[in-house]
Amino acid sequence: MATDEYYDAEYKQAHEALEAIMKQGNTLLFMGSQADLAKFINQFIDMASNKIKEAEFDDRADVVTRFLDLIQKAEDLRQTFKLEAPGNEH
């Protein structure tokens, strides 16, 4: 079972990663790197989803909620930048 310190550190790292993606989003789009931005968001969501699985295994609903919030913010960011979700590309 993972400790509070582990989950706190993982959340902090994930939060910082999402903030970096948010800050760099416009720059990446301006440079024509829409695919890179989509890739970063997708990787972030995959990572956060894996942390949710760990937290569910450890019966940590509080951690699940925190990571679900980050995933929602990443999904909102995807919509803001008008990026397709994986499997929805045309």
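1. Basis. This is a predicted model, in which local features need pLDDT of at least 70, side-chain atom pairs count only at pLDDT 80 or more, and totals for chains, interfaces and linings use all residues. Residues are numbered from 1 along each chain as its sequence is written, and side-chain values use heavy atoms, with hydrogens and water left out.

2. Length of α1. Helix α1 covers residues 4–30, 27 residues in all, and spans 40 Å from its first C-alpha to its last. That is close to the expected 39 Å, where the expected span is 1.5 Å times one less than the number of residues. Helices here are DSSP runs (H or I, at least four residues), numbered from the N terminus.

3. Bend and end of α1. The helix bends by about 45° at Q24; the bend is the angle between axes fitted to the seven residues ending there and the seven starting there. Just after α1, G32 has a positive phi of about 80°.

4. Buried side of α1. The buried residues of α1 are Y7, E10, Y11, A14, L18, I21, G25 and L28. Buried means under 20% relative accessible area, exposed over 50%, and partly exposed in between (1.4 Å probe, protein chains only). Their cover includes α2 (34–57) and α3 (61–80).

5. Packing of α1 on α3. The two helices α1 and α3 pack at an angle of about 10°, with axes 11 Å apart. Axes are lines fitted to C-alpha atoms, for helices over the stretch in contact, and angles run from 0 to 180 degrees between N-to-C directions. α1 is therefore roughly parallel to α3, a label for angles under 35 degrees. The contact (heavy atoms within 4.5 Å) involves residues of α1 including Y7, D8 and M22, and residues of α3 including V63, R66 and L77. The contact residues divide into 11 nonpolar, one polar and four charged. Ala, Val, Leu, Ile, Met, Phe, Trp, Tyr, Cys and Pro count as nonpolar, Asp, Glu, Lys and Arg as charged, and the others, Gly among them, as polar.

6. Most residues other than glycine have a negative phi. D59 is not a glycine, yet has a positive phi of about 55°. D59 sits in the loop between α2 and α3 and is exposed, at 69% relative accessible area. K82 is not a glycine either and has a positive phi of about 55°. K82 lies in the segment after α3 and is exposed, at 68% relative accessibility.

7. E84. This residue lies in the segment after α3. E84 is partly exposed, with a relative accessible area of 37%.

Methods
Parallel < 35°, antiparallel > 145°, perpendicular 65-115°, else oblique.
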